[in-house]
Amino acid sequence: MSIAPHGGVLVNRLVPQRDNQVLLERASGLKRLHLTPREASDLELISVGALSPLEGFMNGEDYRAVIEEMRLANGLPWSLPMTLSGTHEETASLRVGEEIALYNASNNLLGVLELEDKYSYNKEREAEQVYRTTDLAHPGVKSLYNQGDVLLGGRVTAAQRLNNSTLDRYSLEPAESRRVFQEKGWKTVVGFQTRNPVHRAHEYIQKTALEVVDGLFLHPLVGETKAGDIPAEVRMRCYQALIDGYYPKDRVILGIFPAAMRYAGPREAIFHALVRKNYGCTHFIVGRDHAGVGNYYGSYDAQHIFQEFTPQELGITPLFFENTFYCKRCGCMASSKTCPHDSSYHLVLSGTKVRAMLQAGEMLPAEFTRPEVAKILMEASKVNASPQ
């Protein structure tokens with residue numbers, strides 16, 4: 001028996017393929033609102049049930065409960081606001097009770113919103129509560145302060161997506177991943193969230209988790225990230241190379257998570273866990289500095305926040321891991337829990353050092369990352385560094 005979705009029911013707000021044209025015609029006569037890439041990602045996640053029990057963008061009551069208490073108005077744990085914003089000018093003519101057509105920047109119809117609530121909010125308060133900072137250097141705070149001053153809540157109906165991405169072959173909606181896990185006979189599945197290529201420390205953590213569960217759901221985030229992050233297409237090649245060469249293929253599923261990064265650290269760790277529960281995972285890996293950026297959060301704050309909820313109300317089991325590294329004295333991957341040697345024996349490379357080595361054409365140490373992955377990253381680095 002598979003794990004229940006968060007809230008008990010897997011939401012589906014995606015219009016059936018046969019009714020897609022009807023939705024297009026219906027939307028043609030409605031007022032329009034253009035979504036940011038992050039809002040478009042949220043709409044997609046809502047429509048396929050990844051954000052169950054949400055059926056749309058949050059109303060004021062749910063929004064305020066999430067900001068202040070990390071729960072929906074009904075008390076169900078939820079850590080991040082899922083909101084749709086607009087400027088005063090864009091929303092002035094919008095009335096509660098009417099439908100609004102939602103488009104992306106390319107004027108493609110994404111869906112229709114049944115407007116149930118229209119409300120103002122305090123950006124500074126949201127920044128303090130969600131990101132623990134109001135510093136505009138934080139990418140999540142910057143995005144928040146750049147969005148509109150009015151929020152729109154209500155159920156959505158989403159149009160069918162156009163399959164035009166090179167990543168679509170890795171697309172697994174929650175209902176599909178659950179079916180795959182069941183077909184494989186997996187009763188326990190551990191989810192792994194990443195926005196970076198998997199290096200040896202990640203591999204060590206994942207394989208350690210695989211010792212105690214039936215399967216691994218490698219679930220990289222492929223939505224909007226900050227400048228400087230490695231492109232999703234490059235990362236997916238790295239993951240596939242790892243699975244092909246170093247993982248038991250019958251125990252690993254690779255699928256994309258079409259979400260945008262908030263870089264909300266601890267709160268985003270809870271969010272990532274709950275969403276993977278909707279995809280059918282029973283366990284979720286939380287390592288050092290999960291969903292962090294800069295020095296805004298403590299190294300293990302994303303683990304400590306799980307203590308604010310009971311295991312029963314979260315319904316998914318977090319697996320906590322210390323920072324891992326290659327120890328030259330031990331001759332293997334280890335952590336402070338398993339290695340007695342001081343840091344002079346530990347191979348640790350900063351992101352800055354890795355980028356510098358790649359741009360210089362230097363091979364990354366095999367103790368840090370697999371050579372197949374290093375080669376893909378080196379080739380991508382050369383392409384990005386070449387004059388356009």
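**Figure 1. The loop that holds Pro53, in a predicted model.** Pro53 is placed in the loop that runs between helix H2 (37-48) and strand E2 (56-57); helices (H or I, at least four residues) and strands (E, at least two) are DSSP runs, numbered from the N terminus. The peptide bond between Ser52 and Pro53 is cis, with omega about 15°. Most peptide bonds are trans, and most residues other than glycine have a negative phi. Since the model is predicted, local features need pLDDT of at least 70 and side-chain atom pairs count only at pLDDT 80 or more, whereas totals for chains, interfaces and linings use all residues. Residues are numbered from 1 along each chain as its sequence is written, and side-chain values use heavy atoms, with hydrogens and water left out.

**Figure 2. Positive phi values at Arg132 and Tyr263.** Arg132, although not a glycine, has a positive phi of about 65°. Its place is the loop between H5 and helix H6 (139-146). Arg132 is partly exposed, at a relative accessible area of 43%; buried means under 20% relative accessible area, exposed over 50%, and partly exposed in between (1.4 Å probe, protein chains only). Tyr263 likewise has a positive phi, near 60°, and is found in the loop between strand E10 (252-254) and H10. With a relative accessible area of 2%, Tyr263 is buried.

**Figure 3. Surroundings of Thr83 and Tyr119.** Thr83 sits in the loop between helix H3 (60-69) and strand E3 (84-86) and is buried, its relative accessible area being 1%. Beyond its neighbours within four places in sequence, Thr83 is in contact (heavy atoms within 4.5 Å) with residues including Arg38, Glu39, Phe57 and Tyr119. Tyr119 belongs to strand E6 and counts as buried at 8% relative accessibility. With neighbours within four places in sequence left aside, the contacts of Tyr119 include Met58, Tyr63, Thr83 and Asp149. The C-alpha atoms of Tyr119 and Asp149 are 8.9 Å apart in space, while the two residues are 30 residues apart in sequence.

**Figure 4. Aromatic pairs of the structure.** The structure holds 8 aromatic pairs; rings of Phe, Tyr and Trp (its six-membered ring) pair if their centres lie within 6.5 Å, and planes under 30 degrees apart count as stacked, over 60 as edge-to-face and the rest as tilted. Tyr63 and Tyr121 make an edge-to-face pair, 5.9 Å centre to centre with 85° between the planes. Tyr63 lies in helix H3 and Tyr121 in the loop between strand E6 (117-120) and helix H5 (123-131), so this pair ties together parts 58 residues apart in sequence. Tyr63 and Tyr121 are both buried. The ring centres of Trp78 and Phe271 are 6.0 Å apart and their planes stand at 80°, so this pair is edge-to-face. Because Trp78 lies in the loop between H3 and E3 and Phe271 in helix H10 (residues 266-278), the pair ties together parts that are 193 residues apart in sequence. Trp78 and Phe271 are buried.

**Figure 5. An aromatic cluster.** One aromatic cluster is formed by Phe181, Trp186, Phe217, Phe257 and Tyr279.
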